[in-house]
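The following note sets out numbered comments on the structure shown below.

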Amino acid sequence: CSPQRDEGWRRSPRPPPRSRKLPQVNPEQLASKVRTIPDFPKPGIIFRDITTLLQDAEAFNAAIEAMLVPIRAQKPDVIVGIESRGFIFGAPIAHALGLGFVPVRKLGKLPGETITVEYELEYGKNVLELHRDALTPGQRVVIVDDVLATGGTVAGTIRLVEQLGATVVGISFLAELPALGGRSRLPEGIVSAIIPF
Ligand code: AMP
């Protein structure tokens, strides 16, 4: 390359990217990084806001590492993330395991041929979509989302995955709201959540 370009590279004010070994953070510490906002998006809902955890490099890293522990043992072929906060956790998990990532999206966002499912939320109803060619029969799938509340969203996602002939071998959340009983709607023994609220 030319001397000028080389000179410009050396003078770059940014240090080269490097990976940092971040300290471990336990579940109680992780819980303290999630902000609680009462009456959002509707009166009576206690909203667990994960953005405060995401902006903290140590906490975000520790959350992904903790979610990876059970997922590694489940030996998935592919990670399915649920729009939109499931993407934030699902994509780095897929990357860490060297796997592909498949998005389950809200109605009207996926451009190809899709299958759909309607499901109930803690605060409303919704439709989820999955590309018809996103999974193949027999694939081992781990589903990732941020918070398990009533379990409706992930129950709908399981239906989509199974409609394509794939098998759900794991379901991973950052946090769980046990008072809402979502876990009882899901298959036994394959659900993991790092933070119980
Ligand atoms: P559910 O289908 O009731 O389990 O709801 C799960 C989805 O809604 C997750 O994707 C969460 O992001 C979101 N959600 C539901 N309730 C809450 C809550 N109280 N705090 C934060 N997120 C929530």
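This is a predicted model: local features need pLDDT of at least 70, side-chain atom pairs count only at pLDDT 80 or more; totals for chains, interfaces and linings use all residues.

1. Seven strands form an open sheet in the order E5-E6-E4-E3-E7-E8-E9, and their pairing is mixed. Strand E5 (114–121) and strand E9 (191–196) are the edge strands, each pairing on one side only. From one strand to the next, the twist averages 25°.

2. Strands of a sheet pair through backbone hydrogen bonds, either parallel or antiparallel. For E5 and strand E6 (residues 124–131), the pairing is antiparallel and extends over eight bridges. Within this pairing, Glu-118 stands opposite Val-127 in E6.

3. Helix H4 on the sheet. H4 packs on the sheet and touches strand E3 (78–82), strand E7 (140–148), strand E8 (167–176) and E9. The direction of H4 makes about 160° with that of E8.

4. Helix H4 against helix H5. The axes of helix H4 (residues 57–74) and H5 come within 10 Å and cross at roughly 65°; the crossing is right-handed. On the H4 side, the residues in contact are Phe-60, Ala-63, Ile-64, Met-67, Leu-68, Ile-71 and Arg-72. H5 meets them with Ile-88, Phe-89, Pro-92, Ile-93, Ala-96 and Leu-97. By class, this contact has twelve nonpolar residues, no polar residues and one charged residue. Arg counts as charged, and Arg-72 is one of the H4 residues in the contact.

5. Phe-40 and Phe-47. The structure holds three aromatic pairs. In one of them, the ring centres of Phe-40 and Phe-47 are 5.1 Å apart and the planes stand at 80°, so the pair is edge-to-face. Phe-47 counts as buried because its relative accessibility is 14%, the cut-off for buried being under 20%.

6. Phe-87 and Phe-101. Another edge-to-face pair is formed by Phe-87 and Phe-101, with 5.7 Å centre to centre and 90° between the planes. This pair links distant parts of the chain: Phe-87 lies in helix H5 (residues 85–97) and Phe-101 in strand E4 (residues 100–106), 14 residues apart. Phe-87, at 22% relative accessibility, counts as partly exposed, and Phe-101 also counts as partly exposed, at 28%.

Note on methods:
Residues are numbered from 1 along each chain as its sequence is written. Side-chain values use heavy atoms; hydrogens and water are left out. Rings of Phe, Tyr and Trp (its six-membered ring) pair if their centres lie within 6.5 Å; planes under 30 degrees apart count as stacked, over 60 as edge-to-face and the rest as tilted. Buried means under 20% relative accessible area, exposed over 50%, partly exposed in between (1.4 Å probe, protein chains only). Helices (H or I, at least four residues) and strands (E, at least two) are DSSP runs, numbered from the N terminus. Axes are lines fitted to C-alpha atoms, for helices over the stretch in contact, and angles run from 0 to 180 degrees between N-to-C directions. A crossing is left-handed if the near helix is turned anticlockwise from the far one by less than a right angle, and right-handed if clockwise. Contact means heavy atoms within 4.5 Å. Two strands pair if DSSP finds at least two bridges between them.
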